[in-house]
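Subject: A structure to look through

Dear colleague,

I am handing over the structure below, and I would be glad if you opened it before reading on. My notes on what was found in it follow.

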Amino acid sequence: MANMTLIEALLMAMDEELARDERVFITGEDVGKRGGVFRATQGLYEKYGATRVIDSPLAELSIVAIGIGAAMAELRPICEIQFADYIHPAFNQIVNEAAKTYYRSDGQWRVPLTIRTPYGGGIGGGLYHSQSVESFFAHVPGLKVVIPSTPHDAKGLLKSAVRDPNPVLFFEPKKGYRAIKGEVPETDYTVPIGPARIAREGRDISVFAYGMMAHYAVIAAEKVAREDGIDAEVVDLRTLLPVDKQAILDSVKKTGKALVVYEDNLTMGYGAEVAAIIADEAFEFLDGPVKRLAGPDVPAMPFSHSMQEFFMVNPDKIAAAIRDLTAY
Amino acid sequence: MSTETLALPRTQLSEETLLEMYWMMLLSRRVDERAWVLHRQGKITFHVSAIGHEAAQIGAAFAINRGVDYVNPYYRDLALSLAIGTTALDFMLGLFAKVGDPFSGGRQMPSHFNSHRLNIISGSSVVASQVPQTSGLAFAIKYRQTQGMVDPKDTSQPRLALTCLGEGSTSQGDWHEGLNWAGVHHLPMICLVQNNVYAISVPIQSQMAVKNVADRASAYGIVGVTVDGNDVLAMYDVMKEAAERAYNGGGATLVEAKTYRMTPHSSDDDDRSYRTREEVEEWKKKDPISRFQSYLQAEGILTQALIDDYEARARDEVDAAHKTAEAAPSPAPEDTLGDVYAPLED
C-alpha cells in the first residue's frame with residue numbers, strides 16, 4: 001500500500017497496463033514528452049517509447065476515431081481528451097460509431113476502447129475547462145461511463161476499462177487529481193465496472209454522488225454527523241452506465257430519504273435518472289421528496305472566482321441540503 | 001509528393017483474372033438491377049445503388065489482398081463487397097432485413113456491408129466517419145509491425161486498410177482528420193474517393209473549389225492520383241501501385257476515381273429534379289461494364305457465347321438469392337435487445 005493522489009493512481013494503472021499488455025497504447029494531445037498537461041502520463045513516453053505513447057494532432061475527433069479503428073483491430077487504445085469540454089468534436093465518433101459498432105455488426109466487431117478525460121469545475125477554468133459532460137454519454141447504450149472518486153477506485157476501474165471489450169468513457173474529477181489522496185495497493189487489482197460503493201454507511205438519509213461530489217459528500221456527511229447528529233449514507237455510484245440500480249434501491253429503502261448530488265447543470269442531469277429509478281421502484285419507502293443538488297441551469301461555469309463558487313456544489317452546500325431533507 | 005494523373009502501362013493480368021473481374025462487375029450490376037425491381041414492386045423499402053461504380057470498385061478489390069486487408073466501405077460498395085467475398089444472397093438478406101443477414105442481423109439499412117471473417121467493417125450512415133477509423137486500422141497494422149508482433153511480409157495478416165467514400169463526403173472534417181493522421185504517421189492506407197459528380201443533388205462545384213479531390217493530397221503529404229473510374233484496368237493499375245506503396249512502407253495514397261452515378265442516389269431520390277437526361281445518357285455511353293466487355297471482346301478473351309453463359313449464371317444466382325431472402329423469416333422482435341455490450345473476457 002502506498003498513499004498517493006488520484007492522478008498518481010491513474011498513472012500507476014496506465015503504467016501497469018502498458019507493461020502487462022503489448023496491445024495497450026496511449027494517444028492524445030501532449031501525452032508524450034510533456035506527460036500530459038495534468039501529468040497523468042508522466043514518464044510513460046520515456047519508458048515505453050514513441051510507438052506506444054503518441055502525441056496526437058490537435059484534433060479530438062480523430063483521437064477517438066483512431067482509437068476506434070485500432071480497437072476494432074484488437075489493440076487496446078487509451079485515448080486522452082485533454083479536457084472533457086473538448087470531447088464534443090468527437091461526439092459523433094463516440095455516440096454513432098464506438099457505441100453502435102457491436103450492435104450494428106450483429107456482434108462481429110467490438111471496440112475495446114478507453115477514453116480518459118478530466119471533467120468538472122472549481123479550478124478557475126471558465127466555460128471551457130470546467131464542464132461535466134457525463135449525462136450526454138450516460139444516455140447512450142453501448143457505452144460504459146465510469147467516474148472514480150478515490151485513488152483506489154481510480155486505479156482499479158481504469159485497469160478494468162482498459163481490459164473491457166467495450167468503449168468506456170472514463171471521466172476523472174480534475175479538481176481531485178491532487179486534492180484527493182488515499183491508500184492504493186501496488187498489486188495488480190481491478191475494480192469491476194458496474195457496482196456502486198457505499199462510501200459511508202448511515203441510517204438517516206442516502207446521498208448519491210460520483211466523482212468530486214462523492215468526495216465532498218463524505219466530507220459533508222462527517223460534518224452533519226459531528227454538528228447535527230445526522231447519520232448520512234453516501235453511495236458513490238462509480239459507474240453511471242450501466243447503473244447499479246440495486247445499490248441505489250437498497251440504500252434508499254434503508255434510509256427513506258434520497259439526495260442526489262452532481263456538479264453538472266440541474267436539468268436533465270444524471271440525478272434525474274437516479275430520482276426516476278427511486279420514484280419508480282422505491283416509492284413506498286420514501287419519507288420525503290427525492291432532492292437534487294446540482295449546478296445552476298446556465299450555459300457553463302464562469303471564470304470569475306465569485307461566480308465559479310456560486311456555481312460549484314461544495315461540502316457546505318451538501319451539508320445544508322442533507323439537513324433540510326433530513327428535517328422534512 | 002505530387003498530384004498526378006497516371007497513365008501506366010496496363011499490368012499483366014491473366015485471362016482468367018480478367019474474366020473474373022468481368023464476372024464480378026456483371027454480377028454486381030444484375031444484383032443491383034434486381035434490387036431496383038424489388039423496390040418498384042414494393043417488396044423492399046430501400047435500395048442505394050452502385051450502378052456505374054463497378055469498374056472503380058472491382059479494380060480496387062483486385063489490387064488488394066481480398067479478405068485479409070481491412071476494408072471500410074461505404075454504402076455504394078456493392079461490387080467491392082461481392083469481390084471481397086460476400087455473396088448475392090448476403091446482399092439480398094440485408095436488403096430484405098431477414099434472418100441470416102450477415103451484415104447486421106437485420107439491424108442496419110441495406111448496403112451497410114460487413115464481414116468480420118473477411119475484414120470488412122460495418123459502417124454507419126454518417127459519411128466520412130469511417131475515414132479516420134480506417135486510419136486507426138492502418139495505425140494498428142503499423143503498430144503491430146513496429147512492435148514485432150507480426151511479420152510485415154506475412155500475407156495472412158492485414159497489411160493495408162482501404163476505405164471508400166463519395167466526393168461529397170470529403171467536405172466532412174472526419175476526412176481531413178483521417179488523412180492528416182495517415183500523412184503524419186505514414187500509414188499503410190488507401191482512401192478511394194468515388195467521385196460521381198453529385199452528392200445526392202449537390203454537384204461537385206458546390207462541394208469544393210479545387211478541380212480534383214486528389215489535388216488535396218499534397219496538403220497531407222501523401223500521394224494523390226486521379227484516375228478514370230470507369231476504366232477497370234486503369235483503376236487496377238492505380239490501386240495496385242497504391243497497395244504496393246502501403247505494403248512497402250511508402251505510406252498512404254488518395255485515389256480519386258472519376259465516375260458517374262447512373263441511377264438516382266437511392267430509391268427515395270428523383271434525379272430528374274437536378275440533372276438533365278442528356279447528361280445521364282452521355283455517361284451511359286461510358287458504362288464501365290460495356291467498356292470492359294468491348295475491350296475483352298476485342299482482345300479475343302470474351303466471346304458472345306461466354307457473355308451469354310455469364311448472364312445466365314448471374315440470373316440464376318440473383319433469382320436464387322432473391323427467392324431465398326424473400327422466403328427467409330424476419331428476425332425475432334426480441335433481437336432488438338441483443339448485442340448491446342460485448343461480454344467480458346475470461
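A nonpolar core, as the term is used here, is a set of buried Ala, Val, Leu, Ile, Met, Phe, Trp, Tyr and Cys residues that are joined through side-chain atoms within 4.5 Å, and buried means under 20% relative accessible area. Please keep in mind throughout that this is a predicted model.

In soluble globular proteins, nonpolar side chains tend to be buried together. Here the largest nonpolar core has 82 residues, and the members that touch the most others are Phe137(A), Phe208(A) and Trp175(B). At least three residues of this core come from domain 1 (2-184) of chain A, and at least three come from domain 2 (197-327) of chain A. If you select Phe137(A) and leave aside residues up to four places away in sequence, you will find that it touches, among others, Ile87(A), Phe91(A), Leu143(A), Phe171(A) and Leu241(A). There is also a second, separate core of 74 residues, which includes Ile64(B), Leu118(B), Leu162(B) and Leu296(B).

Which strands does β3(B) pair with? It pairs in the parallel sense with strand β2 (residues 70-72) of chain B over three bridges, and likewise in the parallel sense with strand β4 (residues 189-195) of chain B over six bridges. Leu162(B) stands opposite Val71(B) and also opposite Ile190(B) in β4(B). Between β3(B) and β4(B) the chain passes through helix α6 (residues 173-184) of chain B, and this β-α-β crossover is right-handed.

In chain A, an open sheet of seven strands with mixed pairing has the order β3-β2-β4-β5-β7-β6-β12. Its edge strands, β3 (53-55) and β12 (239-241), each pair on one side only, and neighbouring strands are turned by 20° against each other on average, with direction ignored. Within chain A, strands β2 (residues 24-28) and β4 (residues 76-80) run parallel and are joined by five bridges, with Gly28(A) having Glu80(A) as its bridge partner. Helix α7 (residues 151-163) of chain A packs on the sheet, where it touches β2, β4, β5, β6 and β7, and its direction makes about 160° with that of β7(A).

With best wishes

Definitions and conventions. Residues numbered from 1 in each chain as written. Chains lettered and ligands numbered in written order. Predicted model: local features only at pLDDT ≥ 70, side-chain atom pairs only at ≥ 80, totals over all residues. Heavy atoms only, no water. Buried < 20%, exposed > 50% of the residue type's maximum accessible area, 1.4 Å probe, protein only. Domains from an automatic or database assignment. Contact = heavy atoms within 4.5 Å. Pairing = 2+ DSSP bridges. Helix = DSSP H or I, 4+ residues; strand = E, 2+ residues; numbered from the N terminus. Right-handed = clockwise from strand over helix to strand, strands pointing away. Axes fitted to C-alpha atoms, helices over the stretch in contact; angles between N-to-C directions.
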